[in-house]
Amino acid sequence: MAWRGYFVKWTKTECINSVSTVSRGSRFNLHPQQRCGFRKEARKPETWKRDRGIPEETGPPPSEAADAMVSRKAVPPKTGPPPPGAAPRRTGKLFKPFMFTIGFTGCSFGAAAILQYESLKSRVKTAKDEAEQEKSGKASQDMTYWHNWWNQLTDFQKQVILLMSFVDDFWSSLTEGQQMATGIIAVNAVVLCCWRIPSMQRSMVKYFTANPASKTRCLPMLLSTFSHYSIIHMAANMYVLWTFSSSIVSLLGKEQFLAVYLSAGVISTMVSYVCKTSTGRLHPSLGASGAIMTVLAAVCTKMPEAKLGIIFLPMVSFTAGNALKAIVAMDAAGLIMGWRLFDHAAHLGGALFGVWYVAYGHKLMWRKREPLVKAWHSMRSQAPGGRGRSGGSGGDGGRPGPV
């Protein structure tokens with residue numbers, strides 16, 4: 001059986017060598033028809049020339065011609081990234097993100113104005129209902145009803161209700177700014193947990209990281225604002241948000257703050273897109289740092305003499321105005337020198353948007369919402385079950401805005 005195995009091995013080797021020789025000696029040309037799904041029939045060898053004694057065209061041996069063609073085709077085209085000095089300016093890809101930024105910002109402030117109108121209307125209605133109950137004497141009857149209902153509950157149900165009451169009291173003890181910050185922190189925590197699920201990695205990279213080179217560029221501009229891959233990164237951003245939430249909400253109101261926060265995330269990402277495209281450094285980024293910088297810049301611009309400190313260095317204090325100048329200078333230096341530790345373009349864009357909004361944006365955008373609120377009030381009044389002009393026209397609700 002040993003000779004048989006040697007013979008089979010020898011025949012296979014000879015067949016392989018012959019096939020490789022034929023493949024090297026033959027030439028395969030692509031035709032334009034193959035792009036459309038058609039293939040031209042292979043040409044037969046011209047044997048009639050040899051039969052009639054006509055000399056064939058001289059040329060290099062088939063093997064040398066094949067080697068030359070392979071050597072020419074072996075050099076792949078240059079598909080790598082171009083040098084930084086010759087980076088292509090793909091500004092056409094920024095048109096949709098730019099329009100998305102404008103449209104989302106306008107819709108955010110419009111929805112915030114309508115939400116403030118509905119909130120004020122609900123408060124007025126609640127106050128009227130409480131006044132009517134006090135006049136009619138229904139409050140004592142309601143207390144008797146709830147007392148009898150409480151006595152019919154089991155001990156476990158009473159413990160659950162007491163726990164819910166404790167949570168409600170804790171929530172009521174928070175300021176409106178802390179309540180808004182708590183909701184934002186909860187959303188960021190959910191997204192952080194989604195990053196830990198292996199089956200969601202592809203979707204998270206696609207929709208929760210902002211990259212101008214990606215096919216999906218508009219939606220991640222908003223979703224990446226709530227996306228953190230590192231727990232330390234999220235803890236640092238949310239600590240700053242919690243610290244300045246009460247101040248910013250007391251200045252703007254919760255509805256206007258929500259519009260500014262969401263718009264700041266999109267605008268800072270748009271600034272990052274522009275810088276990445278102009279420099280050719282197309283890498284993904286994520287985090288709420290751009291929106292946090294807007295909140296920080298707005299508070300520091302409105303209250304520049306406020307004293308700030310560092311959590312690990314309580315003995316060191318500085319004014320809010322100096323802190324904002326130092327942060328802007330650091331981000332500007334990082335953007336010029338090409339530091340890649342943070343997305344300095346997004347930080348700088350968020351800070352500039354916060355300064356601009358407190359100085360000019362509030363007058364240009366929020367104070368001119370009255371036509372929209374009146375149109376919404378007219379539409380609500382004409383709807384079935386409308387109550388005419390009850391609830392007011394949706395003013396500031398007693399909240400002072402920056403001037």
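Biologist: Where is the place of Ile-102, and what makes that part of the chain a helix?

Modeller: Ile-102 lies in helix α4, which covers residues 95-136; helices here are DSSP runs (H or I, at least four residues; strands are E, at least two), numbered from the N terminus. This is a predicted model, in which local features need pLDDT of at least 70 and side-chain atom pairs count only at pLDDT 80 or more, while totals for chains, interfaces and linings use all residues. Residues are numbered from 1 along each chain as its sequence is written, and side-chain values use heavy atoms, with hydrogens and water left out.

Biologist: What makes Phe-95, Phe-98, Met-99 and Ile-102 a patch?

Modeller: Patches take residues with over 30% relative accessible area and no salt bridge, joining nonpolar side chains (Val, Leu, Ile, Met, Phe, Trp, Tyr) within 5 Å and like charges within 9 Å. These four form a nonpolar surface patch, with about 420 Å² of accessible area together, areas coming from the Shrake-Rupley method.

Biologist: Why does Asp-129 belong to a patch of negative charge?

Modeller: Asp and Glu count as negative, Lys and Arg as positive, with His and the chain ends not counted, and Asp-129 gathers with Glu-130, Glu-132 and Glu-134 on the surface. Asp-129 is also in helix α4 and, at 36% relative accessibility, counts as partly exposed.

Biologist: How do you know that Glu-118 and Arg-380 meet in a salt bridge?

Modeller: A salt bridge needs a side-chain nitrogen of Lys or Arg within 4 Å of a carboxyl oxygen of Asp or Glu, and this pair has N to O at 2.3 Å, so it qualifies. Because Glu-118 lies in helix α4 and Arg-380 in helix α15 (residues 370-382), the pair ties together parts that are 262 residues apart in sequence.

Biologist: How many salt bridges are there by this rule, and what makes Glu-176 and Arg-123 one of them?

Modeller: The count comes to 4, and Glu-176 and Arg-123 qualify with N to O at 3.7 Å. Glu-176 is in helix α7 (residues 176-195) and Arg-123 in helix α4, so the pair ties together parts 53 residues apart in sequence.

Biologist: What makes Lys-374 and Glu-370 a salt bridge?

Modeller: Their closest N and O atoms are 3.2 Å apart, and both residues lie in helix α15, 4 residues apart, about one turn of the helix.

How values were computed. Accessible areas come from the Shrake-Rupley method with a 1.4 Å probe; for residues, only the protein chains shown count as cover. The place of a charge is taken as NZ of Lys, CZ of Arg, CG of Asp or CD of Glu. Buried means under 20% relative accessible area, exposed over 50%, partly exposed in between (1.4 Å probe, protein chains only).
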